[in-house]
Amino acid sequence: MNKNLSKVIIQIFLISFVFLALGPILWAVVTSFLPLSSLTAKPIDLDPTKFTLTNYVEVLDTSRGLMSGLINSMIIATFTSAVALTVGSAAAYALARLSLPGSNAILLSILATQMFPGIVIAIPLFIVMSRLGMIDTHLGLMFVYLSFVLPIVIWILKGFFESIPIQLEKAAAIDGATNTQTFRYIILPISLPPLFATGVFAFIESWNEFFFAIILTRINVKTAPIAISEFAGQYRTLYGQMLASAVLASLPVVILAIIFRRFILEGFVEGAVKS
Amino acid sequence: MATLKLVNVSKRFGEVTACSNIDLVVNEGEFITLLGPSGCGKTTLLNVVAGLEEVSEGEIWIQDRMVNDLSPYDRNLAMVFQNYALYPHMTVAENIGFSMRLRKRPKAEIAERVNQVANTLELEKLLDRLPRELSGGQQQRVAIGRAVIREPAIFLFDEPFSNLDAALRVRMRVEIKELHQRLGTTSVFVTHDQEEALSLSDRIAVMQFGRIKQFGTPEQVYSLPTSKYVARFIGSPQLDIFEGEFESTDGQWYYRIGNERFQMPDLTQLPDESPDLGVRPEHILLGSEGVPASVHLVQPIGPFTYVTVNWEGGSATARVSGVSHLRPRDKVNLSFDTSGLLFFDRQSSMRVELS
């Protein structure tokens, strides 16, 4: 009896948590299908007969900037996660396995870069980027995103690499593999789940980033979050279109998570358990 | 096949010395065991020989080549690890053939060799399985197959059976011994299990604190241990060691333990100070003659029964043939078979030969 009661309580808790998490998303999806008049009506008019696709048609118009924002975000997030994974996995492997002089200091300084809030480095970063002529370029934003994605990728993957039994590498060395071959034929294939997991994480981080994007872009490289924010004007806010854009912008991330969900779960579990 | 020679080999990790001044010669085709408790440096020594750890001092020779600076692969040896270390994402066939794939051998050749090796190890039906789909014994055989396919000059085994259950362990022991008889490859086997060492080896190196305490045949380390340490480590149950004094009455020598004394064989030369006496269970006799004792524990193990008794000198474990009818608290008499007595110097713990 007691057991059942606690089960029920846990389930109530979980269900309310799911509602809490899904609520805003549900709200965004519903309102994205409503005309502005319904949204500004008091009380809000949720009449399903008024559901319309106008918001979506409007925001997909190329002149509205969302499409180019999505493309920019896609380019930047893809490249950022690709570079973060390539460089990050090699660095993490080296830090986990090779006896590098000062590897602890390197690890700590990598972590230290994460201790400053973005706002602290915003102005110096802006100056550096503008001197380098990298304001409003894909490359510029990519570098900035890498600077905060890469350290986390390195730390996550280092933990995973350390959990791989060292005997595997010894066995490969005995079989005649060089360090590079061991990494390529043994470590990399068994690291695919955590690599996918961290890759998706890096992608989402860069995809959602707003603060540096608004500082470091002007016209050409506006990312999706910036394009969405621009539906809020000085005189009026186009709620329907804004939320339609938000829904569209969430789709790639949701799709990514669905495709790789098995890997993401495995990845995080494997990193946690040492065998 | 090759000889392996270690000359004054030491391995240090910072301040910690794992192996010191090891001299060891393993003859061509010989099967030797590094035996010792955990932390005695035996696995480190194996890693040093394999080239997985750099040697801090000394020379390692394989056949007539000094291999200190050669990579593990170039030393032409193969190793079987304690936890098998099979590549988890590769099938059995891929695991066994990995070293050939690295050398870019043609696929047909790899497949042929893998099949040959799989046949000798009865793995032919498992070639397409992944390691996680195999039992412990099968995994161990794959690990052995991965070593065999290399046709190495030397096999290294790092406690390969310690993750297996008792029955499987005995079976794998037989398989390794058969494999060695068939291939005749020089082998170095690391274990902490003295029974494994005794049953497999041509010679055993008993290690303690990073040093080799004795290197000899199983008979030598068992019957003529050089020190108390080796005597205690080899043999199960452990031999009993008693502290007593020699004394002579009417030209007959006795070894006195407490108030009881045991007649000794004819001795002409005695050390200045009386040594300790070590007696293995098979040399402790229980019967109607000797000093009074009381049965404490009876452990039947099939062909023998180990009977532990308490007497004035402490406790002693005797090996009795077959089933013993003794029960705890039974009264018996204890004596020693003087042909198998071992004496150890009280200061140095080294065995002394009395004549």
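Chain B carries an average pLDDT of 90, and 100% of its residues score at least 70. The structure is a predicted model, and for the complex the predictor reports an ipTM of 0.78 together with a pTM of 0.75.

**Chain B overall**

Taken along the principal axes, the C-alpha atoms of chain B fill a box of roughly 85 × 45 × 35 Å. Chain B holds eight helices and 22 strands, and of its 355 residues 40% are buried. When contacts between residues at least 6 apart in the sequence of chain B are considered, 64% of them join residues at least 24 apart.

The domain assignment divides chain B into domain 1, covering 4-233, and domain 2, covering 240-352. The C-alpha centres of these two domains of chain B lie 39 Å apart. Where the domains meet, the contact takes six residues from domain 1 of chain B and seven residues from domain 2 of chain B; on the domain 1 side, these residues divide into three nonpolar, two polar and one charged.

**The contact between the chains**

Between the two chains, the contact takes 16 residues from chain B and 14 residues from chain A. On the side of chain B that touches chain A, the elements giving two or more residues are strand E6 (77-80) and helix H2 (92-102) of chain B, and the largest share, three residues, comes from H2(B).

| Side | Nonpolar | Polar | Charged |
|---|---|---|---|
| Chain B, touching chain A | 12 residues | three residues | one residue |
| Domain 1 of chain B, touching domain 2 of chain B | three residues | two residues | one residue |

In soluble globular proteins, nonpolar side chains tend to be buried together. In this model, the largest nonpolar core has 138 residues, among which Leu156(B) and Val188(B) touch the most other members. The largest share of this core, 14 residues, is contributed by helix H7 (residues 138-163) of chain A, while domain 1 (4-233) and domain 2 (240-352) of chain B each supply at least three residues to the core.

Which residues does Leu156(B) contact, once its neighbours within four places in sequence are left aside? Leu156(B) is then in contact with Leu46(B), Val49(B), Ala50(B), Leu77(B) and Met79(B), as well as with Val188(B).

Definitions and conventions:
Residues are numbered from 1 along each chain as its sequence is written. Chains are lettered from A and ligands numbered from 1 in the order in which they are written. This is a predicted model: local features need pLDDT of at least 70, side-chain atom pairs count only at pLDDT 80 or more; totals for chains, interfaces and linings use all residues. A nonpolar core is a set of buried Ala, Val, Leu, Ile, Met, Phe, Trp, Tyr and Cys residues joined through C-beta atoms within 7 Å. A residue is buried if 20 or more other C-beta atoms lie within 10 Å of its own, exposed if 12 or fewer, and partly exposed in between; C-beta atoms are placed from the backbone. Helices (H or I, at least four residues) and strands (E, at least two) are DSSP runs, numbered from the N terminus. Domain bounds come from an automatic or database domain assignment. pLDDT is the predictor's confidence in each residue, from 0 to 100. Ala, Val, Leu, Ile, Met, Phe, Trp, Tyr, Cys and Pro count as nonpolar, Asp, Glu, Lys and Arg as charged, and the others, Gly among them, as polar.
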